[in-house]
Amino acid sequence: MGNKLLIAVIVSVMSVCVFADSEMTKIDSLIEKIKKERMGLEVNELKKTKDPFYYDKEYAKERIKKLKKKRKGPYFRLYAILNNKAKINRKWYRLGDKISGYKLVKISQTKVKLRRGNRTVTLFIPRKNRKIKIRTN
């Protein structure tokens, strides 16, 4: 019984080796194929080719017009609030500071208010930034 088991193990190991050898041969042939130098296009030929992506210029113009109509006045983004200061458009401001003609009139935990004349703009901290806690020990 022991000899039969030993013979079965030897046969299975040999078959695995033969299979692995055939796989290595396949891998070697694939490597040889990709090692061959491939010629690309000349710069002049590349300049003559058309852009493969479809771009509708009229649609883009209309989209830009719609976006401009939606946004009235300057663009503001509130990044953070810390120690009665607000980071708006990547700059820090305090109460009373001017930003594009608007005056910073109120700072709370999650929002700030800007005012110019009778127009008021409220900026909120994005939800993903609200969970940030700063502790000092």
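**View 1. The aromatic pair of the predicted model.** In this predicted model, one aromatic pair is counted, where the rings of Phe, Tyr and Trp (its six-membered ring) pair if their centres lie within 6.5 Å, and where planes under 30 degrees apart count as stacked, over 60 as edge-to-face and the rest as tilted. The ring centres of F76 and Y102 are 5.3 Å apart and the ring planes stand at 85 degrees, so this pair is edge-to-face. F76 belongs to the loop between α3 (57–70) and β1 (78–82), while Y102 belongs to strand β5 (residues 102–107), so the pair ties together parts that lie 26 residues apart in sequence. Helices (H or I, at least four residues) and strands (E, at least two) are DSSP runs, numbered from the N terminus. Both F76 and Y102 are buried, a word that stands for under 20% relative accessible area, with exposed meaning over 50% and partly exposed meaning in between (1.4 Å probe, protein chains only).

**View 2. R116 and the residues that it touches.** R116 is part of strand β6 (residues 111–116), and with a relative accessible area of 40% it is partly exposed. Leaving aside residues up to four places away in sequence, R116 touches S100, G101 and Y102, where a contact means heavy atoms within 4.5 Å. Of these residues, Y102 is also a member of the edge-to-face pair with F76. Although R116 and G101 are 15 residues apart in sequence, their C-alpha atoms are 6.6 Å apart in space.

View 3. When residues up to four places away in sequence are not counted, P126 touches R77 and L78. The C-alpha atoms of P126 and T110 are separated by 8.7 Å, and these two residues are 16 residues apart along the chain.

**View 4. Two asparagines with positive phi.** Phi of N83 is near 50 degrees, which is a positive value in a residue other than glycine; N83 is found in the loop between β1 and β2 (85–88) and, at 67% relative accessibility, counts as exposed. N89, which is not a glycine either, has a positive phi of about 50 degrees; this residue is found in the loop between β2 and β3 (91–94) and is partly exposed, with a relative accessible area of 30%. From N83 to R94, 11 residues apart along the chain, the C-alpha atoms are separated by 9.3 Å.

**View 5. A nonpolar surface patch.** M24, I27, I31 and I34 make a nonpolar surface patch of about 370 Å². Patches are made of residues with over 30% relative accessible area and no salt bridge, and like charges are joined within 9 Å, nonpolar side chains (Val, Leu, Ile, Met, Phe, Trp, Tyr) within 5 Å; a salt bridge is a side-chain nitrogen of Lys or Arg within 4 Å of a carboxyl oxygen of Asp or Glu. M24 is found in helix α1 (residues 2–35) and is partly exposed, at 45% relative accessibility. Accessible areas come from the Shrake-Rupley method with a 1.4 Å probe, and for residues only the protein chains shown count as cover.

**View 6. Confidence along the protein chain.** The protein chain averages a pLDDT of 79, and 73% of its residues score at least 70, where pLDDT is the predictor's confidence in each residue, from 0 to 100. Among the elements of the protein chain, β5 has the highest mean pLDDT (95) and helix α4 (residues 127–130) the lowest (63). Where pLDDT is low, the predicted coordinates should not be read in detail.

**Notes to the views.** Residues are numbered from 1 along each chain as its sequence is written, and side-chain values use heavy atoms, with hydrogens and water left out. For this predicted model, local features need pLDDT of at least 70 and side-chain atom pairs count only at pLDDT 80 or more, whereas totals for chains, interfaces and linings use all residues.
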